[in-house]
Amino acid sequence: MNWKRILRWGGLPGLPGPTLTPGLRARIRASFDDAARDEENFPSTIDSRIWHVRIVREHLGDLRGKRVLDVGCGKGRFARVFKEQEPEAEIWGLDISHAMLRFVPHGVHPCAGSMTELPFADASFDGAYATESLEHAVEIGKAVSEICRVVRPGGRIAIIDKNAAQWGRLRTPEWEKWFTRKELQRLLGRHCRLVESRFVSYWEDVEPDGLFLAWLATK
Ligand SMILES: C[S@@+](CC[C@H](N)C(=O)[O-])C[C@H]1O[C@@H](n2cnc3c(N)ncnc32)[C@H](O)[C@@H]1O
């Protein structure tokens, strides 16, 4: 039995999964503080035509006057696009890394914290999204329930992350976790009335190669 793999995938059914201990949290934060210097692999901008951006934007719907949370926002590249597209939206970017948050664009509200303990009131956002960040949360169920908690009933949630079936394709830190379609659908389904998932590529006219999945939910 491969215990390392079992632990990585959240432990045995019925047993608690891995814990985001203060030590691990500090290591993850330090790793992303360091990564913030790497603009090539952790860019502060993204082309608004990229399918990942469009799929999140379309799912969130009309953002005029809406309050939206970018969970694990990094440098806020998605929030930057959405704020440019809809200046009347109130967009918050939450991240564990202070160094990443320094790049969050003017007009987007930066917030330091962990997605496993969001410092926001219940139902205080119209929508939330997490792009390639939930995979670092360690306590995945807790993070998903926190994201759902802060979104109002009827609000939209979008998650883009990597597919567990493709595990091994990229180098990953020891805490990272990828997801099966069903796994995140089940976690979101505990809090949301509608949940669907689909494969996505960077460009809509390029057939998805199975690495990225988008989970789209309505609370
Ligand atoms: C690969 S980056 C993605 C950033 C951004 N979502 C994007 O698409 O550009 C992952 C981000 O998740 C953040 N992160 C990791 N663990 C976190 C946690 N527990 N709470 C909040 N943010 C976290 C990291 O600091 C990093 O900025």
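Ala 128 touches Val 68, Leu 69, Val 71, Ile 147, Val 150, Val 151 and Ile 157, leaving aside residues up to four places away in sequence; two residues are in contact if their C-beta atoms, placed from the backbone, lie within 7 Å. The model is predicted: local features need pLDDT of at least 70, side-chain atom pairs count only at pLDDT 80 or more, and totals for chains, interfaces and linings use all residues. Numbering starts from 1 along each chain as its sequence is written.

Ala 128 is, with Tyr 129, Ile 147 and Ile 157, among the residues with the most contacts inside the largest nonpolar core, which has 60 residues. Such a core is a set of buried Ala, Val, Leu, Ile, Met, Phe, Trp, Tyr and Cys residues joined through C-beta atoms within 7 Å. A residue is buried if 20 or more other C-beta atoms lie within 10 Å of its own, exposed if 12 or fewer, and partly exposed in between, with C-beta atoms placed from the backbone.

The sheet is open and has seven strands in the order E3-E2-E1-E4-E5-E7-E6, with mixed pairing. Strands (E, at least two residues) and helices (H or I, at least four) are DSSP runs numbered from the N terminus, and two strands pair if DSSP finds at least two bridges between them. From one strand to the next the twist averages 15°. E6 and strand E7 (residues 212-218) run antiparallel and are joined by seven bridges; Leu 194 stands opposite Thr 218 in E7.

Helix H7 (residues 181-189) packs on the sheet, where it touches E5, E6 and E7, and its direction makes about 155° with that of E6. Helix H3 (residues 51-60) lies across strand E1 (67-71), strand E4 (125-131), strand E5 (151-162), E6 and E7, at about 165° to E5. These angles run from 0 to 180 degrees between N-to-C directions, and axes are lines fitted to C-alpha atoms, for helices over the stretch in contact.

The loop between E4 and helix H6 (140-150) contains Glu 132, which has a positive phi of about 50° although it is not a glycine. Val 138 is in the loop between E4 and H6, and its phi is near 65°. Glu 132 counts as partly exposed because it has 16 C-beta neighbours inside 10 Å, whereas Val 138 counts as buried because it has 21.
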